[in-house]
Amino acid sequence: MLKVEHLTKVYGTGTVALQDVSFEVEDGEFLVIIGLSGSGKSTLLRSINRLIEPTEGRILWNDVDITALDEAGLRRIRREIGFVFQEFNLVERLPVLTNVLTGRLGYVPPWWSLFYYFPAQDRRRALDALEQVGLADRAHHRASELSGGQKQRVGIARALVQNPKMLLADEPVASLDPVLAHSIMGYLERLNQERGITILCSLHYLDLVQRYATRVIGLRNGRLVFEGTGDDIRHMTDEEFKQIYGEEAQRLGG
Amino acid sequence: MRIGKRLLAAVLSLLVPGLGHLLVGRVRRGLYIALGTGVLAGLTVFTAAQRARFPEEVYGLSAQVLLRLGLMAAFVWAALWLVYGALGRAVLRADAEAAELMAQLYTPGFVALGVLFFSLAGPRLLQTVLPADGERLLYGTILLIMGVLLALLWWWAARDAWQTAADAEPGWGGFIALVLVGTLVLGTRIVGIDLPKAIREYRETERILGDIFWPWRAAFDYEATELRATALVQAPCPPDATPPPVNQPQEGQPWVVVEPTCGDLSVRDSKGKLQYGTLLHIRGGGFVPGKIVKIKWENPIGNEFTPRGLGPTEIEVGPDGTFESELYIPDVVIPSFAQGPQIHKLHAVQPGALRFTGQLSREMKLALQAMLESIMIGLMATFTGMLWAVPLSFLAARNLTFTLRTSPQGLVGGVLGLVLGGAVGLQAAGRIADALGGLDAAPVSTAIVHFVLVTGAAVLGFRWLSRGLDALTQRMPPLVTDAVRYIGFALIGAALGWPLGLGYAHGILGIAWDPRDAAAIAPTLARVGAGLGALAWLGLARRWGQQGVVPIGQWIYTITRTILNVVRSIEPLIWGLVGVIWVGLGPFAGFIALTIHTVAALGKLYSEAIESIHPGPIEAVQSTGANRLQTIMFAVLPQVLPHFTAYSLYRWDINVRMSTVIGLVGGGGIGFLLIQWIRQVQYEHAGLAVWLIALTVSTLDFVSATIRKKIV
Ligand SMILES: Nc1ncnc2c1ncn2[C@@H]1O[C@H](COP(=O)(O)OP(=O)(O)OP(=O)(O)O)[C@@H](O)[C@H]1O
Ligand SMILES: [Mg+2]
């Protein structure tokens, strides 16, 4: 279970990106975070695995305070939490397989990396993950040679080999076309339902939110302004939705 | 604005340009005017003083001149600071922007005052500030022009103050034009530009330039096919001597017959007038008809020369291959140890065609060897430089280093660990190296063992003790934590302050003081330095104790960058001098020089490449739980490797170019040959070296550019 308590983030520039945000996520939930551009979605997700240092507040993950961890502890926690990025963030010059293998870095002794060495078992695991996202035949291509949708599938495979208990996805489909968006969201849904991985995902498209969320929270100017179940959202009219989300809300079909 | 104030402003600016502007609140404008006018006036005075000092217009930059220049600059700064700081503050209390500008002026002003103060500390230095007796300033045309220009500038400043006082916004055109013209006029004088001289003396240079531009005859060996016949002559000719026999003409080969074969030398008397010796009759044959035969004389110790003013020395051979001529025996200076009759030789020489042998000349071979040496110096320096630059560049990259932080207690532990680890590593390395046979028997392993053990132990020591002390103090009551922090910081501060105190005593006071006095006060100053350092760091301990984190990443970044920048801004040629002093003449010195410069240059380029990579992959890899090393290996290196390769190639090409020059200061390679040949006036050989350098450098330039284009 993930508990976020009174989370506040003030950037060095003085921007208050999150203000006193508290919520809880049960294991196995598919939580969607909605909010206008600049409302603090990315900041929230990145605070959870401390890519960003929160200014105040606590984040409890199975009763461990993530905000208080030292380097070694953080490393152990991070390997249990996958992260999928809007811009994929693959290392373009490395082969697809190596990109997926980086998901194992939290488990192998650091000095192995001097030789780019991974045990055979990890390599098999990485190939399996690629198989699951349908990219086994691309394993030895450079990541830069893939299309956007393929890159995001590699991103998911990378998170998968971490063997994560939770997956954070920051607008995973925002740079993809509608068909691809559904296929990627489908992967996330399968992980959620078949493996019971908790998913926290920020989304822009209204119908994706309605289709996939089991629970939804809404942010506005860094404050939590909405909390509800997936059903709440599904029964909302577009007008109500726009009240939380703002005029930018849109349907995938346009 | 009232006319009185405008007038006052104009008059003030006429006294000190820009002062009037201050009165009417135009500080910035006034400052620019003061600076421009001041610099130009200073340069004029300097030029005038130079002319007085060096009437033959030799502009040497002696230490004294430099010192004087520095003092003059310091004085101008100090004056500006005083005037603008004190007056401006009183006049312009309200103008916030102006006040800020003033604050910016304070710092350099302070430095300037400090410099002034220290230089006044020594009476010897004081002397150099004041011109010696009887020195007059010589005013030439240039100074006249400068006088007019400066007068115009002063007038412009006054007029400008008058106008700005009325809230007008006059342009800068006149000011810029005056300053520019003044600078150019002075520049002509200082650089010593002399167009007529350049044109007059070009003709004499042509032949030499020809040798340098097309030196390729000197690259090969030629065989001379000359015809030569020799006759022996004895001098002087005492009655009892037996002169050499008279030659007989011989068929089928060149011959020369000289009669008599015995005679007296010509003599040059004390007035330098020549008294002829015996006249020789010369007949020769067997030479190529129609061509010239040259007569040469060879003295008893084997020196051959052309005898001048004693008879024809170039005779045309007749159609049958013979010639006849006459020659007085030359005045040959006989070494004093040679007594009695000596045998001289007369040669009849007919130079023939030079035959191209196809062999490279000795000089060409030397030049090729030296060129190879240069290329290797460049290669080795680039490679070694890369090895050092890569790790340094990681420290000098903002995006990697700034994330390094520690708690104050961690810093205390870390410094302790660094020192302890380093000491332990040094000890261990020393033992192991001794066991291996020491520096001379096993230099490479000794170096590697030292490097690995000392840096490894220091780094591990830093890590372990930093974390250890941090973890330990977290479990202790706050009092203990505070104590550790304050004591630790005080010790660090003292350790840093101690050498500063010593350095101040020897390095700064030692300049003006008697070195013995400086040495005597050194221990006291070291203690004072340590005390001040400890105090300062106690302050830091308080501040960081509240914040809880020490940005050591920023320090590491700043320190690394500063060192890289300083080292890089010193030219390789100067490092070459250091290398030569260190290990003596030769390629090793050049290698050291280029390596040092390469580390700094590549370190900067590499670190900038690192700073410009996409942060996304770094975050992605970090979020999988990767530590720093793994992040570098998987997210940073793949992104920067192409840039690193390109920069290294680029540097190799620079290094080969530099290594051809580094020889000029004794760093081995082709530059060394080049400067030798130039000094020996062997311009043709120098030309060979220049050509080889040009060919090599342009080839490398092309190759490295091509490869680089492929990579990036
Ligand atoms: N590194 C940063 N430094 C300073 N301010 C930042 C930084 N990152 C984000 N911000 C600010 O914090 C606020 C929240 O940004 P955040 O990226 O979390 O929004 P978001 O909801 O993810 O927006 P989007 O939907 O456009 O991705 C914004 O006002 C943004 O300008
Ligand atoms: Mg975002």
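Me: In this predicted model, where contact means heavy atoms within 4.5 Å, which residues does Ile212(B) touch, not counting residues up to four places away in sequence?

Reply: Ile212(B) belongs to helix 10 of chain B, which covers residues 202–213. When residues up to four places away in sequence are not counted, the residues that Ile212(B) touches are Tyr683(B), Gly687(B) and Trp691(B).

Me: What is the area buried between chain B and chain A?

Reply: The size of an interface is often given as the accessible area lost when the parts come together. Here the contact takes 21 residues from chain B and 30 residues from chain A. Carbon and sulfur atoms give 62% of the buried area, which comes to about 2100 Å².

Me: Which salt bridge partner in chain A does Arg467(B) have?

Reply: Between chain B and chain A the count is two salt bridges. In the one formed by Arg467(B), the closest N and O atoms are 3.7 Å apart, and the partner is Glu71(A).

Me: Which helix gives the most to the side of chain B that touches chain A?

Reply: Between the two chains, B and A, the count is eight residue pairs in polar contact. The elements giving two or more residues to the side of chain B that touches chain A are helix 21 (615–622) and helix 22 (628–662) of chain B. With eight residues, the element that gives the most to this side is helix 22 of chain B.

Me: Which helix holds both Arg234(A) and Asp231(A)?

Reply: Arg234(A) forms a salt bridge with Asp231(A), the closest N and O atoms being 3.5 Å apart. The two residues are three residues apart, about one turn of the helix, and both lie in helix 8 of chain A.

Key. Residues are numbered from 1 along each chain as its sequence is written. Chains are lettered from A and ligands numbered from 1 in the order in which they are written. This is a predicted model: local features need pLDDT of at least 70, side-chain atom pairs count only at pLDDT 80 or more; totals for chains, interfaces and linings use all residues. Side-chain values use heavy atoms; hydrogens and water are left out. Helices (H or I, at least four residues) and strands (E, at least two) are DSSP runs, numbered from the N terminus. Contact means heavy atoms within 4.5 Å. Buried area is the accessible area (1.4 Å probe) that two parts lose on being put together, summed over both. A salt bridge is a side-chain nitrogen of Lys or Arg within 4 Å of a carboxyl oxygen of Asp or Glu. A polar contact is a pair of N or O atoms within 3.5 Å; within protein, one must be able to donate a hydrogen and the other to accept it, and residues adjacent in sequence count only if both atoms are side-chain atoms.
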